[in-house]
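Thanks for coming. I'll go through one model this morning, starting with a whole chain and ending with single residues.

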Amino acid sequence: MYTQGLDQAGNKETMTSGRETAAQLAAFQARIDAEEKIEAKDWMPDAYRRTLIRQISQHAHSEIIGMQPEGNWLTRAPSLKRKAILLAKVQDEAGHGLYLYSAAETLGVSRDQMVADLLSGKAKYSSIFNYPTLSWADIGAIGWLVDGAAIMNQIPLCRCSYGPYARAMVRVCKEESFHQRQGFEIMLTLCRGTDEQRAMAQDALDRFWWPALMMFGPNDSQSKHSAQSMAWKIKRFSNDELRQKFVDITVQQAEFLGLKVPDENLALDEDAGHYRFSEIDWQEFFDVLAGNGPCNRERIQKRRKAHEDGAWVREAARAYADKIAARAAA
Amino acid sequence: MSQQEWPLYEVFIRTRGGLSHRHAGSLHAADDQMALDHARDTYTRRSEGVSLWVVRSDRIVASDPAETSAFFSPAEDKIYRHPTFYEVPDGVENL
Amino acid sequence: MNSGEALTAYVTRLGDNALILGQRLVKLVAASPELEEELANANFALDYIGQSRLFYSYAAEREGRGRSEDDLAFLRHENEFRNLLLLEQPNGHFGDTIVRQVLFDAYYLALLEALMCCADTRLAEIAARAGREVRYHLRHARQWLIRLGDGTAESHRRVQQSLDDLWRYTGEMFDADELDEAMRRDYNGPDLTAIAASWRQELAGILAEATLTMPGRDVMARGGKQGRHSEHFGYLIAELQILQRSYPGATW
């Protein structure tokens with residue numbers, strides 16, 4: 001239904017042809033402007049399709065890779081309840097990855113291709129997951145900051161122009177509600193605990209604050225994809241807008257926790273009603289994106305190992321399915 | 001060798017009696033039973049009373065949106081299909 | 001010990017089995033052969049951890065010493081855990097985990113079904129709830145064993161090896177010790193001899209469909225139920241308990 005739509009030789013109108021007419025592009029933009037949803041087999045500009053494939057698959061990869069830093073503390077969770085909650089969260093992330101791969105496949109890319117691109121290093125995923133989780137407080141920080149940032153990005157995407165992506169995001173957002181709360185609750189428990197626990201929480205904030213701000217991407221002036229994505233309603237708010245909103249909300253939460261944000265220039269601009277903050281170290285951001293963050297190699301290696309170790313299993317399942325089909329036909 | 005992936009299935013869920021099955025997404029599975037199990041694990045987290053349909057994506061026959069206007073024509077010439085044609089006498093409720 | 005204490009120890013042991021298996025399954029996160037299997041595995045791990053909490057909470061209540069489910073999980077020593085040796089074996093490859101699952105679940109489901117009729121209402125209720133979950137686990141694992149046994153030559157070879165390797169841990173499941181006997185006598189508990197027979201029969205059916213050979217080895221490993229574990233156990237417990245041991249008395 002989805003992938004085959006692109007393979008029909010006779011269906012040139014829906015294939016990427018590079019011969020998109022101004023009329024077609026204008027008609028498409030008019031649909032977008034009218035807040036119509038684009039569905040899988042609708043005509044779409046090639047660039048729209050490619051941008052979405054890139055964005056949705058990156059989002060899916062992020063969910064899958066994101067299971068690792070949190071999964072790192074599953075065996076060591078300090079109570080049975082925390083163990084169960086963390087496991088439910090990690091499971092949700094696998095599910096979100098699945099919904100998103102499913103949405104990307106409607107555009108004509110296969111799961112195999114997306115996985116291959118991830119493992120080869122060609123595909124990107126959110127930079128934040130290339131940082132290590134070194135203490136239990138990091139699990140709290142990830143839920144609080146990383147999921148907090150993700151939610152800010154995801155809620156507007158529930159209204160993006162591409163139907164399957166918007167619907168996947170609605171499902172994701174419904175399940176996301178407890179993730180951030182869980183993280184904040186962990187931080188709160190630590191901050192109300194022993195001196196050592198408070199220090200653990202502060203240390204986690206110190207290490208995750210800047211990587212969390214980097215999650216929103218480069219400044220708008222440096223962001224090459226943004227303008228067209230906004231016009232096509234694949235992106236609803238700019239990087240800087242979302243980042244500012246995140247800082248404004250989160251700084252107050254940090255104050256509630258009694259933690260100090262690791263930014264000596266952080267200050268409330270009363271007139272503007274926003275917190276001003278230091279310039280981000282963009283070199284670190286680009287280093288991590290280029291594969292030189294603390295955990296990039298480990299994340300991909302673990303994913304690759306799981307995939308390779310599973311090859312004989314996937315093959316056996318197919319062989320068995322074929323046998324069953326043959327026996328039924330006989 | 002094993003780049004041949006498991007086939008794609010579409011998943012439809014009825015969350016409770018009285019509602020229709022709605023398309024929820026897709027997943028990969030090696031066979032029908034696995035598809036049903038995966039759908040259960042992914043899309044319902046095992047809530048009771050939920051009905052699941054899974055269909056191999058390549059078995060679905062779909063209309064072509066490019067032919068929409070012809071396929072779904074409201075047939076302007078056949079006026080008796082439109083409810084506004086019928087005169088409803090005064091005093092008849094709920095019609 | 002009196003029958004009440006025996007019941008408490010028996011319930012704790014059920015919690016131990018659930019916790020240790022859950023702990024093993026949790027280690028498989030981000031290592032499944034396919035994304036869809038990740039979700040299944042996480043579901044099962046959540047079920048076992050959930051069961052351990054129900055068993056431990058009940059045992060702690062019965063004890064009346066003010067201990068909690070977490071005290072039982074995080075502050076007991078290795079030799080106080082009475083889980084089956086089968087469950088603390090390392091995960092190995094996917095075939096190993098599936099074989100372990102089938103061997104255990106076929107027994108565990110029968111055990112839970114018997115416990116649903118036992119004289120202790122609370123235990124019977126927990127067993128009913130757990131039974132619904134384990135019925136699904138067994139179906140899932142059984143189907144996978146058939147796919148792997150009757151899949152490719154390589155998958156067949158691998159799971160036959162898994163079966164041969166893990167078979168020696170199956171005997172312990174049916175050894176009736178004093179706790180099993182107290183349950184049977186005082187609480188209308190499970191008859192392990194009967195369960196052993198039906199288990200063997202069920203396994204024979206599954207293995208036949210999977211084109212696998214039931215191992216003939218009769219020398220069984222024992223000790224888990226008495227708190228004498230394998231070398232793997234120390235590492236498992238160390239990881240499990242590290243935070244509570246490092247920060248005594250802290251709230252998490």
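A contact here means heavy atoms within 4.5 Å. On that basis, take the contacts in chain A with a separation of 6 or more: residues 24 or more positions apart account for 77% of them.

Some ground rules. This is a predicted model, where local features need pLDDT of at least 70, side-chain atom pairs count only at pLDDT 80 or more, and totals for chains, interfaces and linings use all residues. Residues are numbered from 1 along each chain as its sequence is written, chains are lettered from A and ligands numbered from 1 in the order in which they are written, and side-chain values use heavy atoms, with hydrogens and water left out.

Chain A, then. It has 13 helices and 2 strands, both being DSSP runs numbered from the N terminus (helices are H or I, at least four residues; strands are E, at least two). The C-alpha atoms of chain A fill a box of roughly 70 × 55 × 35 Å along the principal axes. Of the 330 residues in chain A, 57% are buried. Buried means under 20% relative accessible area, exposed over 50%, and partly exposed in between, with a 1.4 Å probe and protein chains only.

Next, helix α10 of chain A, residues 239-257. This helix has 19 residues and reaches 26 Å from its first C-alpha to its last, close to the 27 Å expected at 1.5 Å a residue; the expected span is 1.5 Å times one less than the number of residues. Which residues of α10(A) are buried? Among them are A:Leu242, A:Phe246, A:Val247, A:Val251 and A:Leu257, but also A:Arg243 and A:Asp248. What covers the buried residues of α10(A) includes the helices α6, α7, α8 and α11 and the strand β2, each from chain A. After α10(A) comes A:Gly258, with a positive phi near 80°.

C:Ser57 sits in helix α2 of chain C, residues 35-63. It counts as partly exposed because its relative accessibility is 25%. Its C-alpha atom is separated by 42 Å from that of C:Asp150, 93 residues apart along the chain.

The other is C:Asp177, in the loop between α7 (153-166) and α8 (178-187) of chain C. Is C:Asp177 buried or exposed? At 16% relative accessibility, C:Asp177 counts as buried. Leaving out residues up to four places away in sequence, C:Asp177 touches C:Arg13, C:Lys225 and C:Gln226.

That is where I stop.
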